[in-house]
Amino acid sequence: MFEIKNICKDTSARVGIFKTRHYGFTTPCFMPVGTNGAVKTLSSKELEEIGYEIILSNTYHLYLKPGEEIIKSFKGLHNFMNWQRAILTDSGGYQVFSLSPLRKIKKDGVEFKSHIDGSKHFFTPESVIRFQKILGSDIAMVLDVCPPYPCSYEEADKAVELTNDWAKKSIEIAKESGVTVFAIVQGSIYPDLRKKSAEFLVNLDFDGYAIGGLGIGEPKEEMWKMVEIVNEILPKDKPRYLMGIGKPEDFIEGIKLGVDMFDCVVPTRNARNGTLYTEKGKILVRREIYKKDQNPPDESCHCFTCKNYSLAYLRHLSNINEILGLRLNTIHNLTYYFHLINKIRKAIINQNVLSFTAEFYKNYSS
Ligand SMILES: [Zn+2]
């Protein structure tokens, strides 16, 4: 299902195609986050026009709202949101641990209270795979235990043990029901726990592997150290997905270490806060200096926003909290992200990843 097309001679970067049951997408890739079945402010058509081939949505949220019955009546999320390309759904593990006001981890699953109405629910490794089958996810994720940062060695070890145990149950039910599923490597910032987790999961032969539990407050050097350790163990012929990480500079560093897939709320959330990503780095559209600026946010960008609007207008929309401003900013940021990844792919194909990296950092200030 994963075909590697090009391998970088200087780093672990590669270009590949991952074919799911109904859509093939090119890697490395970034997945815009559509938690509730919508990438905030944009339609499916707009995402397609930018070029995105895969988006991320969330089991936890869709299970609570609109719920199983409505998704079933539409024969899945693709029809419900009218998006015919690939969808990866997170299992809800991270959301249960980060959003739910109350949760109890048990041997066979996790009991939690909804952050919406306080109602009680129970997720098991099997039930989240079954629900992701109903969603019609191209890629489902296993239910995992996500300890916070910092956490003790003992707590991280316990999370690895339980995540491994649940992964075994998940792969069985996924194979039975024909669901493409990725495992999630945990282990906090403890190298031996990361190794233990990755080695166990590799033996279960998943369709792909995610690295979870990072980007939650640990120092960046620790994060990349963990990615490097894990990627040495993960099979080269399966995609690797670094969960929740996605600032422009993270793509460069992650891809060089062999990461194929990313997701992050940064480009969309920051767009709504008036932060735009450009070739030169981040800009804040509300700044006084843009008051009369007739230039687009990024001269080199060909997005709908940059082709049609000035910084002064975007600043004005932001100042009056106009919805159009949120949309235009989101279109720009997601276009910038899409093209950045595209440029990295080209650099891998042309064997100039190192010079591309040097050029990127020369222009970009984070
Ligand atoms: Zn633009």
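These legends accompany close-up views of a predicted model.

Residues are numbered from 1 along each chain as its sequence is written. In this predicted model, local features need pLDDT of at least 70, side-chain atom pairs count only at pLDDT 80 or more, totals for chains, interfaces and linings use all residues, and side-chain values use heavy atoms, with hydrogens and water left out.

**View 1. Domain 1 and domain 2 meet at an interface.**
The chain splits into domain 1 (2–264) and domain 2 (274–363); these bounds come from an automatic or database domain assignment. Their centres, taken over C-alpha atoms, lie 27 Å apart. Contact (heavy atoms within 4.5 Å) involves 33 residues of domain 1 and 23 residues of domain 2. About 2500 Å² is buried between them, 72% of it from carbon and sulfur atoms. Buried area is the accessible area (1.4 Å probe) that two parts lose on being put together, summed over both. In domain 1, Ile50, Pro248 and Ile252 lose the most area to domain 2, together 23% of what that side buries.

**View 2. One salt bridge spans the two domains.**
Glu46 pairs with Arg327, with the closest N and O atoms 2.6 Å apart. A salt bridge here is a side-chain nitrogen of Lys or Arg within 4 Å of a carboxyl oxygen of Asp or Glu. On the side of domain 1 that touches domain 2, helix H10 (248–256) is among the elements that give two or more residues. H10 supplies the largest share, seven residues. Helices (H or I, at least four residues) are DSSP runs, numbered from the N terminus.

**View 3. Glu68 and Lys72 pair within helix H3.**
Their N to O distance is 3.3 Å. The two residues sit four apart in H3 (residues 68–73), about one turn of the helix. Glu68 is partly exposed at 35% relative accessibility. Lys72 is also partly exposed, at 48%. Buried means under 20% relative accessible area, exposed over 50%, partly exposed in between (1.4 Å probe, protein chains only).

**View 4. Glu161 and Lys196 form a salt bridge.**
The closest N and O atoms are 2.7 Å apart. Glu161 lies in helix H7 (residues 153–177) and Lys196 in helix H8 (residues 191–203), so the pair ties together parts 35 residues apart in sequence. Glu161 is partly exposed at 44%, and Lys196 is partly exposed at 29%.

**View 5. Asp250 and Lys220 form a salt bridge.**
The N to O distance is 2.8 Å. Asp250 in H10 and Lys220 in helix H9 (residues 220–233) are 30 residues apart. Asp250 is buried at 3% relative accessibility, whereas Lys220 is partly exposed at 36%.
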